[in-house]
Amino acid sequence: MAGVVQGVGYRPFVYKLALNCDLTGWVLNDPEGVLIEVTGRPEEVDRFTDGLSTQAPPQARVTGVQVNDLPEAGERPEGFTIRESRHTGRRTTVVPTDSYVCADCRAELRDPADRRYRYPFINCTNCGPRYSIIRELPYDRAVTTMAGFTMCHPCATEYGDPLDRRYHAQPNACPDCGPRLLLAGSGGETASGEEALAAATAALTGGGIVAVKSVGGFHLAVDARDGEAVARLRTRKRRDSKPFAVMARDLGTVEGFAEVRPAEAELLLSPARPIVLLRKRSPGLPGQIAPRNPNLGVMLPSAPVHHLLLDHAGLDTLVMTSGNISGYPIVHRDEDALAQLFAVADLILYNDRAIEVRVDDSIVRYSEHPGLGEPLVGFIRRSRGYAPYPVEVGRQLAPLVAYGAELKTTVALSSGSRVHVSQHIGDIKNDETFGAHREAVRHLADLHELRPRHAAVDLHPQFRATRYAFQEQGETFEQVVPVQHHHAHMASCMAENRLGGETIGVIFDGTGYGDDGTIWGGEFLVGGYRDARRVAHLRTVPLLGGDKAVTEPIRTGFALALDAFGETSAAVSAFPVLESLDEQQRHVFATMARRGINAPPASSMGRLFDGVAALLAITMHAEYEAQGPIELEGLLERDFTMAERYRFGVNDREIDPRPVIRALAADRAAGLDSATLSRRFHSAVVDMVVDRCQALSESGTRRVVLSGGVFLNEFLLVNCMVELRKAGFDPYCHQQVPTNDGGISLGQIVVADARLGDDAR
């Protein structure tokens, strides 16, 4: 048996199924998955074999059942047994992901007669922590962070009974033998158990901020219905605008402040318990939670301690945002939390069960439209509950590690035809996140006993991971393969959809290092895994001040207006928001643009969205990445209706936004509101994509992949998919890995493999 079949109650399931089918034999875990031998009547063996997939436990994912007939034994074995795990051989089993608290455990948690009543670490074979506590495979308690907790007699009895729900539940514990809940205050005060929980709930109901140790790291929590508490959290975390996620007691609570479609309810209730982007209801939660945004990121409890907090009277919804210092990864070690998080939190609620692997919350979005056929479920961030479940690409791959991009990065390792994509790591510009990046590679490699001989990296020579890989060439790696950023995006989408042959890639993002050494980001590519040609691109705009243009979109707005109107005075007349720049600033910016002084040209769709958001006075300065584009799209209120559109110009392979900028200025002067201008602009981009693909399809292919961070824009993604299909194309997008740089590592693997060829496999 291959797939997710360890740590999910699969062996006791096999045991019960074998007894039900009157079979004798045995089952065990081995590095490849689960190995079974049975003896019995042929019809019962067939029923048993069929049931291995069709009746599997809820957390199991069976990807393959290999059946071999053995020579008939002289004597039928007695009974059916569960044997000890084998630890030799090649590891191909799939690591189980962290999971929710199942209904049975929730019932026990709330039952005063149960010995685990209100125990914050309740779990069973059907639920609980997995990936975040695993050190090695096969998945046994001795190789998890539960190794230091010796089970008491009742727990050991459950653990050893194949008919018990906790048979070989590796995190199995109770208040007598398991982890303890602990609390620390900034003044040195401490508490444990129920006293710790009571202090935390009292702080939250009183408007305080509590750091809470969850499954994969710490959250910062406040009462989501307390606007002053939310504002206090924003002040202390120095996060004025970026939306916070919230955790609600149950689905009924969520429906009080957000619209929940049936498929979104399924996602919220799924074992992965991701954050789901839902449309706000009004009136609802305080506006400070997600300002200028029609969506709320909502999740349900994923750990017992969450249920205990939210069961408290008056605490049905909490803001639960990542517990970290801005720009750094989520804190997951107790000592780091105690050293860092009192800068924000009043209290820290933690425990003495270590987290082996930090794992952020996953973020998903469900999109439906009559023209889509099948709705889309896409990742904004793929992490807890999903990572490191592999992507199956359908062909054998060379032994590779991919180091991803510089921002929102993940790493990936190949194994046969699978690519194991790590949890979200983040931005690796600082030492701590780069350390997490390297640790993620080591952990994934060790779990699966993978020894990659080659590395795939971003083409940018100054990226930290790229420089590190080349330093290791010759010692750790035989070859290091640089992969152009946008080609990796394209290949990633092709790989998860198992496409081969020539394909059109529409790749829109912020910035990426191009083959010619310039900054790309609004690209049309044609090719496959080995190579891709740049066949069209957005006209370049100077990034005034380089990276400063990202945090100050008004700079890009000025550059776009200057390019469209030729003179500073005409640009300011067209867009009065530019008067917020004083005359000296406008003069300096115009000089920088014309002379190319600290103003690298970029063909970036992300920067175009930035600039338009600034010119419409929506976002002139950005606190977080893509704030302008997010708020520009937010004006559309998740309504996918296309509008009368503007037209981009086309000059050979260059797509010219200047006509769009001029049309925006004219409509603004005519008194059209910002929401209408946003809808027309978005519709113009969709129309341009279809037009360019029509022109490029003369090469023969009608297959199109859409990738890059700009396609996190739901209006753009959905309408491009719909309009391309109407035009006779076969469009594809991401649904297994994020369309942003979180999916880059998958693309790097398949491109590098294609270039290395058969000799490297």
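Predicted model: local features only at pLDDT ≥ 70, side-chain atom pairs only at ≥ 80, totals over all residues.
Strands of a sheet pair through backbone hydrogen bonds, in either parallel or antiparallel fashion. Within this sheet, strand 20 (residues 412-415) and strand 21 (residues 418-421) run antiparallel. Four bridges join strand 20 to strand 21. Serine 415 stands opposite arginine 418 of strand 21.

A further element, helix 22, spans residues 714-726 and has 13 residues. From its first C-alpha to its last, helix 22 reaches 18 Å. This is close to the 18 Å expected at 1.5 Å a residue. Helix 22 is mostly covered, with eleven of its 13 residues buried. The buried residues are Glu714, Phe715, Leu716, Leu717, Val718, Asn719, Cys720, Met721, Val722, Glu723 and Leu724.

Both ends of helix 22 were also examined. At the start of the helix, a side-chain oxygen of asparagine 713 comes to within 3.2 Å of the backbone nitrogen of phenylalanine 715. Phenylalanine 715 is itself among the buried residues of helix 22. Glycine 728 follows the helix. The phi of glycine 728 is positive, near 95 degrees.

Conventions: Residues numbered from 1 in each chain as written. Heavy atoms only, no water. Pairing = 2+ DSSP bridges. Helix = DSSP H or I, 4+ residues; strand = E, 2+ residues; numbered from the N terminus. Expected span 1.5 Å × (residues − 1). Buried < 20%, exposed > 50% of the residue type's maximum accessible area, 1.4 Å probe, protein only. Polar contact = N/O pair within 3.5 Å; in protein donor to acceptor, adjacent residues only side chain to side chain.
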